[in-house]
Amino acid sequence: GLSIGIVGLPNVGKSTLFNAITRATVLAANYPFATIEPNVGRVTVPDERLSALSRVFTKGERVPPIIPTYVEFVDIAGLVKGASQGEGLGNQFLANIREVDAIAHVVRCFEDDNVIHVAGRVDPVDDIETINTELILADMAGLEKRLQNLQKKAKGNDKEAAALASLAEEILAVLAAGKPARAREYDQPVPKDFGLITTKPVIYVANVGENDLTEDNAYVRRVREYAAAEGAQVVKISAQIEGELSEMPEEEAREFLADLGVQESGLDQLVKVGYKTLGLITFITSGEKEVRAWTIRNGEKAPEAAGEIHTDLEKGFIRAEVIEWDKMVEAGGWAAAKSKGWVRTEGKEYVMKDGDIMNVLHSS
Ligand code: GDP
């Protein structure tokens with residue numbers, strides 16, 4: 001699944017948000033997962049298509065369980081101004097942040113005299129730059145070490161090392177100019193083992209008080225401008241409200257949100273934006289036994305998607321029966337959908353689409 005690391009200055013609302021996430025994790029039913037680390041929380045990806053399909057495959061009293069996909073949130077503590085100097089960012093910090101696919105950068109956009117701001121005033125753009133600078137410095141430190149290593153190898157006539165060294169130099173120039181590595185594209189793919197943080201996409205999470213949820217306040221507007229210039233997404237939330245929502249039953253939560261004048265919880269929005277930012281889509285397996293969502297990258301072909309379910313299904317992939325989810329709902333089941341001619345047979349080159357229902361035919 002997708003994993004998103006939560007970063008931000010102290011006192012911006014990270015723990016409040018993360019507590020809401022962990023409560024949502026505990027409350028969510030149907031998790032086929034074992035225990036997870038204390039700094040990790042899981043939020044299901046909201047998907048109304050699954051409940052519609054569960055109704056289609058309900059037989060008498062037997063309602064097929066819905067197994068949604070989820071997004072993992074990792075609480076990445078320990079980022080303060082100057083963290084990358086002196087002792088450097090802690091190893092635990094670096095290990096945690098390097099593992100995530102994307103970064104949710106929480107920014108304080110609320111005023112409250114009782115909550116001390118580390119810099120003494122609320123200034124979201126300054127806060128963003130403080131954090132971004134630390135991340136850039138951390139990347140520079142790591143990459144400089146890497147570059148020395150690569151240059152040594154390049155002297156021994158290692159062509160691959162020479163190419164990587166010139167890539168590292170290019171990226172270092174971007175970082176030295178105070179820009180994140182993702183600010184530019186490079187001729188070659190940036191290897192994962194460069195361990196860079198600033199290649200990861202960022203979503204800015206503007207944390208506001210409940211009165212500012214419907215209309216943007218001046219702080220949020222500034223964050224939006226900053227993000228737009230970077231091509232990054234912004235999600236406006238109220239961490240405090242998320243905390244309250246996570247303790248309510250679904251129906252009550254919906255009414256509460258409606259009263260506030262918003263349609264969707266901040267966490268749900270964050271999950272959706274995370275999907276979009278990373279180019280992820282969902283395909284579904286569906287029948288009387290269960291209705292289940294799977295996460296894949298946009299552009300993946302049928303065998304790779306089958307491999308999400310089980311590696312054997314990818315290795316032994318013969319072909320797949322595929323139908324759009326809404327066609328399945330309209331038909332009312334596999335047999336009816338087949339007799340209408342709506343179930344297609346797709347081969348190894350088929351590129352999966354969001355909302356496809358797939359049944360894999362494989363050799364074992
Ligand atoms: P962290 O240091 O980033 O983890 O920040 P916390 O989640 O601990 O929040 C710092 C303080 O700000 C706590 O006292 C929270 O209750 C408070 N806080 C968080 N979000 C909001 C908000 O939207 N409005 C107000 N007024 N206070 C908030």
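Val43 stands opposite Val71 in strand 4. The model is a predicted one, in which local features need pLDDT of at least 70 and side-chain atom pairs count only at pLDDT 80 or more, while totals for chains, interfaces and linings use all residues. Residue numbers start from 1 along each chain as its sequence is written.

Helices (H or I, at least four residues) and strands (E, at least two) are DSSP runs, numbered from the N terminus. Two strands pair if DSSP finds at least two bridges between them. Strand 2 and strand 4 run antiparallel and are joined by five bridges. Strands of a sheet pair through backbone hydrogen bonds, either parallel or antiparallel.

The sheet is open, with six strands in the order 2-4-1-5-6-7 and mixed pairing. Strand 2 and strand 7 are its edges, each pairing on one side only. From one strand to the next the twist averages 30 degrees, with axes fitted to C-alpha atoms (for helices over the stretch in contact) and angles running from 0 to 180 degrees between N-to-C directions.

| Element | Residues |
|---|---|
| Strand 7 | 233-237 |

Around the ligand there are 17 residues, of which Gly13, Lys14, Ser15, Thr16 and Asp112 come nearest; a residue counts if its C-beta atom, placed from the backbone, lies within 6 Å. Helix 1 (14-27) and helix 7 (239-245) each give two or more residues to this shell. The largest share, three residues, comes from helix 1.
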